[in-house]
Amino acid sequence: MLEKYLGAQRARKFQRFLNHCKVTILCLFLTIVVLRGTIGAGKFGTPEQDFVDIRNRFSSRKLSEPHRILGEIHSTTSSSSRSDSSTTSTTNYNDFDINTILVDEEEEEEQGDEFEKRSSNEPYSLGPKISNWDEQRSKWIRENPNFSNFIRPGKPRVLLVTGSSPKPCENPVGDHYLLKSIKNKIDYCRLHGIEVFYNMALFDAEMAGFWAKLPLIRKLLLAHPEVEFLWWMDSDAMFTDMAFEVPWERYKDSNLVMHGWNEMVYDEKNWIGLNTGSFLLRNCQWSLDILDAWAPMGPKGKVRDEAGKILTRELKGRPVFEADDQSAMVYLLAKEKEKWGDKVYLENGYYLHGYWGILVDRYEEMIENYHPGFGDHRWPLVTHFVGCKPCGKFGDYPVERCLKQMDRAFNFANLHPVTYQSDPKTTTRERIISLQQLFLISCKLLNCKGNISKQKGASSPQRIEHKYTPRTSSPQLKEQKLTGHQALNLKSKSSQGHQALNVNEYAWTQQLMQRQPTTSTTSTTTYNFNDIDNNLQL
Amino acid sequence: MGQENNLTQKRTTSTGGLPTTTTTTTTNSRNRTLPRGRQIQKTFNNIKITILCGFVTILVLRGTIGVNLGTSQNDAVNAAVIEETNRILAEIRSDSDPSDRNQTETFMSLNETYALGPKILNWDTERTSWLDKNREYPNFVKGKPRILLLTGSPPKPCDNPIGDHYLLKSIKNKIDYCRLHGIEIVYNMAHLDMELAGYWAKLPMIRRLMLSHPEVEWIWWMDSDAFFTDMVFELPMSKYKDYNMVIHGYPDLLFEQNSWIAINTGSFLFRNCQWSLDLLDAWAPMGPKGPIREEAGKILTANLKGRPAFEADDQSALIYLLLSKKDKWMEKVFLENSFYLHGYWAGLVDRYEEMMEKYHPGLGDERWPFVTHFVGCKPCGSYGDYPVERCLSSMERAFNFADNQVLKLYGFRHRGLLSPKIKRIRNETITPLEFVDQFDIRRQHEGTVEPKN
């Protein structure tokens, strides 16, 4: 046909030209597709997004259900909604997503918060400044003799405070370990006459994360004047010595007791010179003042980030991440030693906080050689699972090791005969049963089935750790995920290629091991093992 | 001649030129009749090229949109973490001792009788003498009897993670109530007796606690799916001074209708005395797992109204016991129904907003229920008797309803009964103690809290 119009040769040329065009267009198309796939094309999207869109369109049925459920909840209570939901909803818990029901009622938020404390322009404060708390409190205690601050001479009224998020853990086993942890604390506190406050409320959105304890502590001090000491304990810390009683007499002139070493805080300014995972705070004006001095580095956002940089610069060994409460306390004490130092007691005679890494493998040795009641390296009072973060998705340590060791610590704590309630009236049969169970538990501790990691013949620790590396796009983002607990293993995490930190992963562990207390002079707190049954029969 | 040759040559070339078409057509025609071998080879070549192109396409597509079973990089990481966690969960759950396995395989036969422990005959006298010797552990504190709240959950993680989260909220709720009312808590996570597992597990635990805590006057068992919703209400213990067991129930349902839900063993109190030990001994025989429990279940279904057919549970067994040995036991059992010692959740949870408007805490009855018990929800298992969404949202509402009463002292409340966030309801002041006097629940019951020794 073309030949008619153009002539034979030109027809040929034209055809060739057409072929060339076809090939060119094809190649161009391929190039664009490949480029779109690799570098993306802005608002035209990437093939990945296309895929996701297509997938969503086909599964749009599933999306509509949670919306419908939300709609039903928003409707005011009526029996009709109940009957509607029963016909369509599932009874299978595994299919359900909790986030569809945890909603804020919208009307409340729109009205605005009438009682919000302050505008964002003012510097942060925990609350209005109180200057005469000691007088107010002593007056109240005099007027209320039923709520005395000392239960008996030498034994102050103590409130143990711990907490966790009101939302379910991201990790499916996290809630189970929180449950075990609170049971452990309930047991210890029942034996020692301590009250427990489990917090699930975020009192100040600006002080979220590890700083959330500050507004909570202040609020509790002011609302419970009968409490003499407030004992903050992290949710990942467990009591492992049920018989040990804190030597309250030792602290009669101190207002803040933390586990740490004077040299590491005041001389070296080491960021792990003390630990704020487990500390005692007296209910007095001094404590309100130190809370006010501690808080300024806390508010989320620019303040916290800038403070983090200052802390990394000033403190020894601190990696780069936002300000955490522990580093801020070290900095505060080191900088203003004259003001605060004489009322701060850095305890290292027993494990008010015991880093789990150096303790958990020695439990069997402790069972063989020692008995509960020491509280120190022979039988630690507290085993603190720093960095494990069982509630989150990514911790600093392999999941398996963390969870297994937490189970071991939990069982180790339950070994104590008082919690095991062996009473003088047990007959032989009951004693046999309890011995049997004791044996089973010790067997578990000794891992009669063998260490899981050894048995499964698995993975070298390096491989597990590598599998567990959290993925983030930049180290800054990742470091923000770290909580105030000592963030180890940063060297392995910075495999993204950014600045290799000089932190030797286990250097500070070695420091700690060197610092283990050589002699325990606390003879007052050791109990004769046989006396425990008689004295603490609670 | 040469010219002729040239001409002929030219002619031949020209004719040679022209017939290019004809020669091609002739070659074409010749091609059409090519041997099959060549044709096959050509097809073969085409196929090769097609396959090669197809392969390249797939590679490119895989690289761009990841058509590799539909997973992207992020999902792969999440999947890995989830897989690891599930594996560990499965390990933990299956981590039963070999001795446990042996025990569960040998059930008690129908001929054997089960005993909770060696028979004790003089517990009252033993206990009184112990109390005399140990005056620092009195059983009455400031006129009120010492109460121990007992609750528990299985030692393994729940079948689904939401279950553990609500167990946590439930224990926090109980901690709050008990702190406000000076009650001690024991949270049991151990299997004390493999034969009495499941809902029967409370029996050996109650007995053990009674024997090892003689200073405790009352032991209060509460299920893990029961929430305190009235933080102010206190048990009227003076009402029960002549009784040894307090349980929520209705006399007409029990005696006239023999209904299997006439009483509820999700929340009840036992006095620490010989009578209770005897009752526990009489209650336990239907419990042991295996053929005994099955047979007992059949007896109970036959005798109790409305009971479906399943193995014996502690509630039906207790009803049967109270009915059949009425004269022996009923005079010391108090059937409480003037307040909700156990409040069935379905009729209560929707009315919380109405209650907050009209009434106030401290009533304990249908106006402001003392306990909201989520019977049948079973959040720790995989399947409940009710839709999940209804159960969980109701539990969240009950928890927040109770939490509001606790947070009131601190000047906060939840943004809504379904919201985990809180908002301020009172300004901060520099004289916080006036609010402490006003809002502290413990001070509303004069002379209540005794520091625990």
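Helix packing and buried cores in a predicted model

The structure is a predicted model, in which local features need pLDDT of at least 70 and side-chain atom pairs count only at pLDDT 80 or more, while totals for chains, interfaces and linings use all residues. Residues are numbered from 1 along each chain as its sequence is written, chains are lettered from A and ligands numbered from 1 in the order in which they are written, and side-chain values use heavy atoms, with hydrogens and water left out.

In this pair, helix H8 (residues 174–192) of chain A and helix H16 (residues 399–414) of chain A have axes that come within 11 Å and cross at roughly 20°. Helices (H or I, at least four residues) and strands (E, at least two) are DSSP runs, numbered from the N terminus, and axes are lines fitted to C-alpha atoms, for helices over the stretch in contact, with angles running from 0 to 180 degrees between N-to-C directions. H8(A) and H16(A) are therefore roughly parallel to each other, given that angles under 35 degrees count as roughly parallel, over 145 as roughly antiparallel, 65 to 115 as roughly perpendicular and the rest as oblique. To the contact (heavy atoms within 4.5 Å), H8(A) brings A:Tyr177, A:Lys180, A:Lys183, A:Asn184 and A:Asp187, and H16(A) brings A:Leu403, A:Met406, A:Asp407, A:Phe410, A:Ala413 and A:Asn414. The residues of this contact divide into five nonpolar, two polar and four charged, where Ala, Val, Leu, Ile, Met, Phe, Trp, Tyr, Cys and Pro count as nonpolar, Asp, Glu, Lys and Arg as charged, and the others, Gly among them, as polar. An α-helix has 3.6 residues a turn, so residues three or four places apart point the same way.

Helix H10 (residues 274–283) of chain B packs against helix H12 (residues 314–324) of chain B at an angle of about 110°, with the axes 10 Å apart, which makes H10(B) roughly perpendicular to H12(B). The crossing of H10(B) and H12(B) is right-handed. Here the contact is made by B:Leu279, B:Ala282 and B:Trp283 of H10(B) together with B:Asp314, B:Ala317, B:Leu318 and B:Leu321 of H12(B), and by class it holds six nonpolar residues, no polar residues and one charged residue.

Chain A as a whole comprises 23 helices and 10 strands, and 53% of its 538 residues are buried, that is, under 20% relative accessible area, with exposed meaning over 50% and partly exposed in between (1.4 Å probe, protein chains only). Of the contacts in chain A with a separation of 6 or more, 75% are between residues 24 or more positions apart. Helix H9 (residues 213–223) of chain A is largely enclosed by the rest of the structure, because 11 of its 11 residues are buried, including A:Lys213, A:Arg218 and A:Lys219.

The largest nonpolar core has 179 residues, and those with the most contacts inside it are A:Trp231, B:Trp220 and B:Phe370; such a core is a set of buried Ala, Val, Leu, Ile, Met, Phe, Trp, Tyr and Cys residues joined through side-chain atoms within 4.5 Å. Helix H15 (residues 388–407) of chain B gives the largest share of this core, 10 residues. Another core, of 50 residues, lies apart from it and has B:Met108, B:Leu300, B:Trp329 and B:Met330 among its members.

B:Leu203, in helix H8 (residues 202–212) of chain B, counts as buried at 0% relative accessibility, and B:Leu203 touches B:Leu116, B:Leu196, B:Leu280, B:Trp283 and B:Ala284, not counting residues up to four places away in sequence. A:Trp286, in helix H11 (residues 285–294) of chain A, is likewise buried, with a relative accessible area of 14%. The C-alpha atoms of A:Trp286 and A:Asp134 are separated by 8.9 Å, although these residues are 152 residues apart along the chain.

Positive phi values were found in two loops. A:Lys269, a residue other than glycine, has phi near 55° and lies in the loop between helix H10 (262–267) and strand E8 (274–282) of chain A, where it counts as partly exposed at 28% relative accessibility. B:Asn258, also not a glycine, has a positive phi of about 50° in the loop between helix H9 (251–256) and strand E8 (263–271) of chain B, and B:Asn258 is partly exposed at 26% relative accessibility.

Conventions
A crossing is left-handed if the near helix is turned anticlockwise from the far one by less than a right angle, and right-handed if clockwise.
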